[in-house]
Amino acid sequence: KLREKLDAFPGWRVFQTEYCIMQAGRDLGMESALHVARVMHGDLSIVNVAGWSWWLALSPHDYKDGLLYTDWKKPGDHETVTASKMLWAVGHHSRFVRPGMVRVAIDGTPLQNHAGLLATAYHDPASGRWSLLPWGLDRTFTRHMALTDSGGLIAKRCFADATCKAD
């Protein structure tokens with residue numbers, strides 16, 4: 001519904017800022033990381049946000065707010081840094097989706113099953129570089145996927161077109 005409302009204001013850009021899971025207790029596990037992956041996927045591919053950021057990189061708290069955690073609070077405390085799986089979920093996009101890249105449409109039910117496999121694709125018009133970011137959410141995928149699965153090309157060019165229509 002948010003995407004529908006935003007379509008009434010062409011040219012507006014939305015930035016998702018300072019996301020975190022608002023729950024007590026540190027979480028280094030995969031379940032929360034996959035939740036974050038689903039949220040990022042929806043924000044990037046449905047809402048079409050122009051930017052996505054996490055709340056806090058390094059947290060000393062017992063809360064689901066950090067990508068990294070430390071037990072250090074004051075001088076003399078043991079200095080530790082522990083990575084959460086959420087770090088890798090956010091990093092998955094940060095590493096492969098670089099400034100200047102444009103998201104391109106992906107068609108096909110197998111690629112957009114919110115309970116199983118999610119995927120987004122990006123293109124950098126300046127360098128010609130492409131990035132395809134698949135997420136296996138509920139199982140390990142062993143089937144080979146060709147770039148022409150689902151009866152058509154995965155990516156449709158939509159470089160300057162916010163609605164990502166094929167040319």
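Student: How many bridges join β1 to β2?
Tutor: These two strands run parallel. Helices (H or I, at least four residues) and strands (E, at least two) are DSSP runs, numbered from the N terminus, and two strands pair if DSSP finds at least two bridges between them. For β1 and β2, the number of bridges is 3.

Student: Is the β-α-β crossover here right-handed or left-handed?
Tutor: Follow the chain from β1 through α2 to β2. With the strands pointing away from you, a path from the first strand over the helix to the second that runs clockwise is called right-handed. This crossover is right-handed.

Student: What kind of model is this?
Tutor: Residues are numbered from 1 along each chain as its sequence is written, and side-chain values use heavy atoms, leaving out hydrogens and water. Local features need pLDDT of at least 70, side-chain atom pairs count only at pLDDT 80 or more, totals for chains, interfaces and linings use all residues, and the model itself is predicted.

Student: Which strands stand at the edges of the open sheet of 3 strands?
Tutor: Read its order across, and you get β3-β4-β5, with mixed pairing. An edge strand has a single partner strand, so one side of it is left without a neighbour in the sheet.

Student: In β4, which residue is the bridge partner of Leu 58?
Tutor: β3 and β4 run parallel, joined by 3 bridges. Leu 58 has its partner in β4, and that partner is Leu 68.

Student: What angle does the direction of α3 make with that of β4?
Tutor: α3 packs on the sheet, touching β4 and β5 (contact means heavy atoms within 4.5 Å). Axes are lines fitted to C-alpha atoms, for helices over the stretch in contact, and angles between N-to-C directions run from 0 to 180 degrees. For α3 and β4, that gives about 135 degrees.

Student: Which residues does Val 36 touch?
Tutor: Leave out residues up to four places away in sequence, and it touches Tyr 19, Ile 21, Trp 52, Trp 54, Met 86 and Val 90.

Student: Why does Val 104 count as buried?
Tutor: Val 104 lies in strand β6 (residues 102-106). Buried means under 20% relative accessible area, exposed over 50%, and partly exposed in between (1.4 Å probe, protein chains only). Val 104 counts as buried because its relative accessibility is 1%.

Student: And how does Asn 48 count, as buried or partly exposed?
Tutor: Asn 48 is found in the loop between α2 and β2. Its phi is near 65 degrees, a positive value in a residue other than glycine. At 26% relative accessibility, Asn 48 counts as partly exposed.

Student: Of the 167 residues of the protein chain, what percentage count as buried?
Tutor: The chain has 3 helices and 9 strands. Of its 167 residues, the share that counts as buried is 36%.
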